[in-house]
Amino acid sequence: MGKSLDYSKVENQLTAIRNYIHQFFALDSTGHDFYHMKRVAKLARFIAEHEKADLFVTEVGAWLHDIGDDKLFSCPEEAIENMISFLKEIKIPEETISDILNAIEDISFRGGKTPKTIEGKIIQDADRLDAIGAIGIARTFAYGGAKGQLIYNDIQADDTSIQHFHDKLLLLKDRMNTEFAKKIAQERHEFMESFLSKFYDEW
Ligand code: NI
């Protein structure tokens, strides 16, 4: 199992980080709510144990990975600057802060990048796993509703929630970085495929 982490030493920092994230995302209705961050943090930590990655950097990075996303923040740079000040305030060492920032800088699907560090690769996998399967389906329609998109439209499917499956979600199983995530992804992928075929039947 991965690098051991004495949680009693970092418990206060992790609590502060959870509270910090809660204040930004508690009321989100786009599928990027506090519980998205919580699931990604939990899953990332789980994968990190298997991959022998740094557990603290992975878990903290996972909690923070959506801070500064330009879909969610009107001033992304400012959000990231504030986050760095916060991490310094709760006495996370500079070196660890830079490991965390390296891990989360290349996470997004649209950027098309693969993070350089194993911790980043794991967080990207966990974030992508939360975009597929049953949770992924729920989040897709929540996001579409929050952005005023139609569920589906049989004349012009672009910009509908169903189209998002074809543009992104069905591609994710082949973009996982770790073997562990590939296995989970396969199962969630099949569930989405059967959902879509039933959806089209009923439509
Ligand atoms: Ni995310």
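Helix axes here are lines fitted to C-alpha atoms over the stretch in contact, and angles run from 0 to 180 degrees between N-to-C directions. Helices are DSSP runs (H or I, at least four residues) numbered from the N terminus. The model is predicted: local features need pLDDT of at least 70, side-chain atom pairs count only at pLDDT 80 or more, and totals for chains, interfaces and linings use all residues. Residues are numbered from 1 along each chain as its sequence is written, and side-chain values use heavy atoms, with hydrogens and water left out.

**Packing of α3 and α5**

- Helix α3 (residues 55-64) packs on helix α5 (residues 94-104) at about 55°, and the axes are 9 Å apart.
- That angle makes α3 oblique to α5 (under 35 degrees is roughly parallel, over 145 roughly antiparallel, 65 to 115 roughly perpendicular, and the rest oblique).
- On the α3 side, F56, V57, V60, G61 and L64 meet T96, D99, I100, A103 and I104 of α5 (contact means heavy atoms within 4.5 Å).
- The residues of this contact between α3 and α5 comprise seven nonpolar, two polar and one charged (Ala, Val, Leu, Ile, Met, Phe, Trp, Tyr, Cys and Pro count as nonpolar, Asp, Glu, Lys and Arg as charged, and the others, Gly among them, as polar).

**Packing of α2 and α9**

- The axes of α2 and α9 come within 9 Å and cross at roughly 135°, and the two helices are therefore oblique to each other.
- L43, F46, I47, H50 and E51 of α2 make the contact with E179, F180, A181 and I184 of α9.
- Six nonpolar, one polar and two charged residues form the contact of α2 with α9.

**Nonpolar core**

- Among the 58 residues of the largest nonpolar core, I17, I21, L64, L87 and L129 touch the most other members (a core is a set of buried Ala, Val, Leu, Ile, Met, Phe, Trp, Tyr and Cys residues joined through side-chain atoms within 4.5 Å; buried means under 20% relative accessible area, exposed over 50%, partly exposed in between, with a 1.4 Å probe and protein chains only).
- Elements giving two or more residues to this core include α1 (7-25), α4 (76-89) and α6 (118-129), while α2 supplies the largest share, eight residues.
- Beyond its neighbours within four places in sequence, I17 is in contact with V60, W63, L64, F86, L87, I90 and I92.

**S108**

- S108 lies in the loop between α5 and α6 and counts as partly exposed at 32% relative accessibility.
- Leaving aside neighbours within four places in sequence, S108 contacts K113, Q124 and R128.
- The C-alpha atoms of S108 and Q149 are separated by 21 Å, with the residues 41 apart along the chain.
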